[in-house]
Amino acid sequence: MSLGSHMLHLSVILFAAIFTDNILLARFLGMCSFLSVSRQVKTAVGLGFAVVFVMTFTITLDWFAYRFVLQPYGIEYFRFILFIVIIAAFVQFVEMAIERYSPVLYHNLGIFLPLITVNCAILGASLFMVIRDYNLAEGIAFGFGSGAGWMLAIVAMAGIRERLNNARIPKGLQGPGITLIIAGIMALAFIGFTGVLSGG
Amino acid sequence: MVPLFIALAIISGIGALLAATLVFAERVISNYGDVEVDINKGNKKLAMKGGGSLLETLTAQKIFIPSACGGRGTCGYCKVKVLEGAGPLLPTEEPYMDAEERSSGVRLSCQVKLRNDLKIELPAELLTIKEYVSVCEEIIDYTYDTKQFRLRLTDGQHMKYTPGQYVQVLAPQYEKSSEEVYRAYSISSDPADQAAIELIIRRVPDGICTTYLFDYLKVGDKVRINGPYGQFYLRDTTAPIIFIAGGSGIAPMKCILHNMKNTNNDRRAVFFFGIRTTKDLFLAEEMTRFETQLAQFKFVPVVSQPEPGAEWAGVTGRVTHIAEDYLRKQGNAHEHEGYLCGSPGMIESSIGILKKLGITEDKIYYDKFS
């Protein structure tokens, strides 16, 4: 594969992860924080960046763990436990580090980090990486793309919900009800991307 | 494929390695060394270990900031003014702050982490709050559900408090509670003797602290307390006073009355004491004695639901209504200062009545039991 076609291949994986195979709207992973932290665009952006950051790095770490520990010993069935442990440890470590060295970043990003440990989209991305047998570069592109896709979805949702504050919503649908309906409509809209790329 | 136990050993090994890395990282990265906290512009400087929250670090230094949730950021009581060094307001604090507090640098001390030197401002009274060890000297039964506990401070210590203030009592771990809890009780004793304090406490069904005090504490046992706290004390004016209290709410009033006697205070004062049945009445003799000792003091116990057949020659009705009738007859109702202590419901309706009669809110002082 030439360098050019290689880059093309990677960008297909990246954009597929963002649009056609959006981890939130096509795979419905990471719904919990998507529903609870999408009230304001500002906080949604913060959480979004945190997810992009953590997903890119944990998928890299998980790739190494899978390739050099789980595969050689033939114990791939332990990937769920190992990936979760790696994600949790990484998030803890990053939280400590940015709290110490970058108060500004901690204020914008750090407070969301504990929320991410239990975000299933992070684990989901690592597991997809295994299923699809990605190499390291593909894995990183996929991790970054999935994070960016998740961020796109939550920021869009927060934008809509900020507008909803001025809308008259039937009482029974206020809060989670209307949010789920909107998530469904957004997912339908994202189906429109199907077939544009074939990397997922 | 390797045998299962080797697989388990590998996974556990990686987990242990990660845990060790985190422990090491915490030692190195989260080690903020010693930081200096400057209280009230150089009034007091404390060198403290960095890394923890401001609240827990101050508590470790025996400076007690009132807090009900134990530092979880859910009660919003532990507000402290930080002049310098706290960083921006966190989203976890925002719900508890109004516009004025935001602009003046008020923070929740449980959410502020000590990463660098801090300058903070504390009300002077918080600095006088100390922790004391006391010995339970005497327990008196007042009614079927109310007792008085007398606690003598150990090591000849004295507590300098303003009559009307309260202390927090620590209920240790015991059979029915797996954690230590603090509960607040007003001081009721004569402030002339500051080597011991008395607390009048009404049993709360299944309450962690009252169950401990009523069923487990014995004369001679040690009790840890800290204080004094609170803004409920007699203002130094000449305005006529109306005290309204329900049940154990009589405690701070008793302390204030002792002090009025000690200082020959001859202000006009009337005390409406609300109870449900005649069986709930206590301290009546003591209050009647105050009537003879104080120049212009009147005690009016009010029973809301006298039990059938009880001999009750006194006033019957809702204490708030009786107080209202009294004030209406005075003509100068709006000149009074209101001092209220009791259940939130009683306080709310008393405030409503006093305001209706023209007493402004800044002349109404209260201690709410909740």
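Modeller: Before we start, the expected span of a helix is 1.5 Å times one less than its number of residues, and helices (H or I, at least four residues) and strands (E, at least two) are DSSP runs, numbered from the N terminus. The model is predicted, local features need pLDDT of at least 70, and side-chain atom pairs count only at pLDDT 80 or more, while totals for chains, interfaces and linings use all residues. Residues are numbered from 1 along each chain as its sequence is written, and chains are lettered from A and ligands numbered from 1 in the order in which they are written.

Biologist: How do you know what confidence the predictor has in chain B?

Modeller: On the pLDDT scale, which is the predictor's confidence in each residue from 0 to 100, chain B has a mean of 89, and 99% of its residues reach 70 or more. For the complex, the predictor gives an ipTM of 0.80 and a pTM of 0.58.

Biologist: What makes up the secondary structure of chain B, and how does the span of helix α1 of chain B stand against the expected value?

Modeller: Chain B comes to 9 helices and 17 strands. Helix α1 of chain B, residues 4-29, has 26 residues and reaches 37 Å from its first C-alpha to its last, which is close to the 38 Å expected.

Biologist: Why is α1(B) said to lie largely in the open?

Modeller: A residue is buried if 20 or more other C-beta atoms, placed from the backbone, lie within 10 Å of its own, exposed if 12 or fewer, and partly exposed in between. Of the 26 residues of α1(B), the number that are buried is 0, so the helix lies largely in the open. In chain B as a whole, buried residues make up 32% of the 370 residues.

Biologist: Why are β9 and β10 of chain B placed at the edges of their sheet?

Modeller: The sheet is open and antiparallel, with 6 strands in the order β9-β8-β11-β6-β7-β10 of chain B. Strands β9 and β10 (196-202) of chain B each have a single partner strand, so one side of each is left without a neighbour in the sheet. Within this sheet, β6(B), residues 130-141, and β7(B), residues 146-153, pair over 7 bridges in the antiparallel sense, and Cys136(B) has Leu151(B) in β7(B) as its bridge partner.

Biologist: How do you know which type of peptide bond joins Gly227(B) and Pro228(B)?

Modeller: The omega value is about -5 degrees, and the bond is cis; Pro228(B) has its place in strand β11 of chain B.

Biologist: How do you know which classes of residue chain B presents to chain A?

Modeller: Two residues are in contact if their C-beta atoms, placed from the backbone, lie within 7 Å, and in this sense 17 residues of chain B are in contact with 18 residues of chain A. With Ala, Val, Leu, Ile, Met, Phe, Trp, Tyr, Cys and Pro counted as nonpolar, Asp, Glu, Lys and Arg as charged, and the others, Gly among them, as polar, the side of chain B that touches chain A has 13 nonpolar, 3 polar and 1 charged residues.

Terms used: Pairing = 2+ DSSP bridges.
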